[in-house]
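Please read the following note with the sequence and the model open beside it. The points are numbered so that each may be checked in turn.

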Amino acid sequence: MATMADVARSAGVSVATVSHVLNGTRPVLPHTRQAVLDAVEELGYTTNTLARSLVTARTRSIGLAVSAISNPYFTEILQGVEAAALEAGYSLLIADPHDDPEHERKVVQLLHERRVDGVIVAPSADPRGLLAYLGRHDVPAVFLDRLVDGPGSGDGPRFDQVCADNAEPTSRLVTHLAGLGHRRIGLVAGRPGLSTTSERISGYRSGLAFAGLAYDGRLLVHGDSESAGAEEATQALLSLGVPPTALVTGNNAMTIGVLRALGAHGLSVPDDIALCCFDDFAWADLFSPRLTAIAQPGRDIGARAVHVLLERLAEPDRPARTVRLPCAFVHRTSCGCPSPSEEGTPS
């Protein structure tokens, strides 16, 4: 197996220069750098990650804790995280907290014990144990998708956070349906305690207010961010004396449950009830009718989370920040429009 000394002899440089090229610890002249890289390729040299981590106290690895990895939205986030980490020369360790607060703390602890340089987490609805562990061990962390209330010494966030805009896009779905003449618009919201749920409820209520519609608490139900829960919640809406004529769903998994419930009641979308969804997904365009949806920038959220974490590792003392990325309104036919635009426009 080739060593760093072998690479140095082949390239005609010192071992220190090879180290600087491979680790990016000091600028090296372009022709020298290329000579080192050519020697690495020719000799088939691979770095000893363990040895390097003992010297630098860094493993160049990132821990990712995301629940429901089978969810297409989180799959997109994972793809964004993986691509950005690989581009930066980092490996990725993945764990599924199952949206359980105790398991969440345990998997993050396990990632930390594997000596990852930092973690990226989509927190549960009750992240108190997670926050306590991260703070006690001073673990560099970025929260994605879901925000955490945990201010530091000032009024800002305690940890870096990356997410999509939630309130305004939900408001836009509601006002769109109201503009089509709907006056009883229901919301199948996600799991209570999640920031995405509370922000989308806020957007729902502001959309009603903007359209001049009164808020009716009976039209807001929780599907717990899952298909089965959404199916049950939709049944409750349909059993009202005066059921809604239009629905907004809080994520893609719940959209499936809502469609099942509507089908079980023999209701057709959009002829009997209009439907708009938060979360677009690959096959939304294949449904009949095709689903009008808010598309989140999942890959961009994942990639940005990696960049924010790397910035945190480079500047540990800088103030924490929250980064919000815009969504897109994808106008199809489930809302009941006769000739919707096929283009997504920033929301």
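1. A definition comes first: two strands are said to pair if DSSP finds at least two bridges between them. With that in mind, consider the bridge partner of Ala164, which in E11 is Leu325. Strands E5 and E11 run parallel and are joined by four bridges. The model discussed here is a predicted one.

2. Strands E2, E1, E3, E4, E5 and E11, in the order E2-E1-E3-E4-E5-E11, form an open sheet of six strands with parallel pairing. Strand E2 (91-95) and strand E11 (322-325) are the edge strands; each has a single partner strand, so one side of each lacks a neighbour in the sheet. From one strand to the next, the twist averages 20 degrees.

3. Strand E1 deserves a point of its own. Strand E1 (residues 61-65) pairs with E2 in the parallel sense over five bridges, and Ala65 stands opposite Ala95 in E2. E1 also pairs with E3 in the parallel sense, over four bridges, with Gly63 opposite Val119 in E3.

4. Which residues cover the two sides of E1? Ser61, Gly63 and Ala65 lie on one side and Ile62 and Leu64 on the other, and all are buried. Five of the five residues of E1 are buried, so the strand is largely enclosed by the rest of the structure. Strand E11, by contrast, has a covered face, formed by Val323 and Leu325, and an uncovered face, formed by Thr322 and Arg324.

5. Helix H6 (residues 101-113) touches E1, E2 and strand E3 (118-121), and its direction makes about 170 degrees with that of E1. Helix H12 (residues 298-314) touches E1, E3, strand E4 (141-144), strand E5 (160-164) and E11, and its direction makes about 165 degrees with that of E5.

6. Helix H3 (residues 30-43) has 14 residues and reaches 20 Å from its first C-alpha to its last, close to the 20 Å expected at 1.5 Å a residue. Its buried residues include Thr32, Val36, Ala39 and Val40. Seen down the axis of H3, the buried residues fall within an arc of 100 degrees, so they line one face of the helix. Just after H3, Gly44 takes a positive phi of about 70 degrees.

7. What do the buried residues of H3 pack against? They pack against helix H1 (4-11) and helix H2 (15-23). Between H2 and H3 the packing angle is about 85 degrees, and the axes are 10 Å apart. H2 is therefore roughly perpendicular to H3. At this contact, Thr17, Val18, Val21 and Leu22 in H2 meet Thr32, Arg33, Val36, Leu37 and Val40 in H3.

8. Within H10, Ser227, Gly229, Ala230, Ala233, Thr234, Leu237 and Leu238 are buried. These buried residues pack against strand E6 (185-189), strand E7 (220-222), strand E8 (246-249) and helix H11 (252-264).

9. Is Asn166 buried or exposed? Asn166, in the loop between E5 and helix H8 (167-179), has a relative accessible area of 1%. Buried means under 20%, so Asn166 counts as buried. Leaving aside neighbours within four places in sequence, Asn166 is in contact with Thr196, Glu199, Arg200, Phe278, Gln296 and Arg324.

10. Ser124 is found in the loop between E3 and helix H7 (128-137). With a relative accessible area of 5%, Ser124 is buried. Apart from neighbours within four places in sequence, its contacts are Asp99, Pro101, Glu104, Arg146 and Leu194.

Notes: Residues numbered from 1 in each chain as written. Predicted model: local features only at pLDDT ≥ 70, side-chain atom pairs only at ≥ 80, totals over all residues. Heavy atoms only, no water. Axes fitted to C-alpha atoms, helices over the stretch in contact; angles between N-to-C directions. Contact = heavy atoms within 4.5 Å. Expected span 1.5 Å × (residues − 1). Buried < 20%, exposed > 50% of the residue type's maximum accessible area, 1.4 Å probe, protein only. Arc of directions from axis to C-beta. Parallel < 35°, antiparallel > 145°, perpendicular 65-115°, else oblique.
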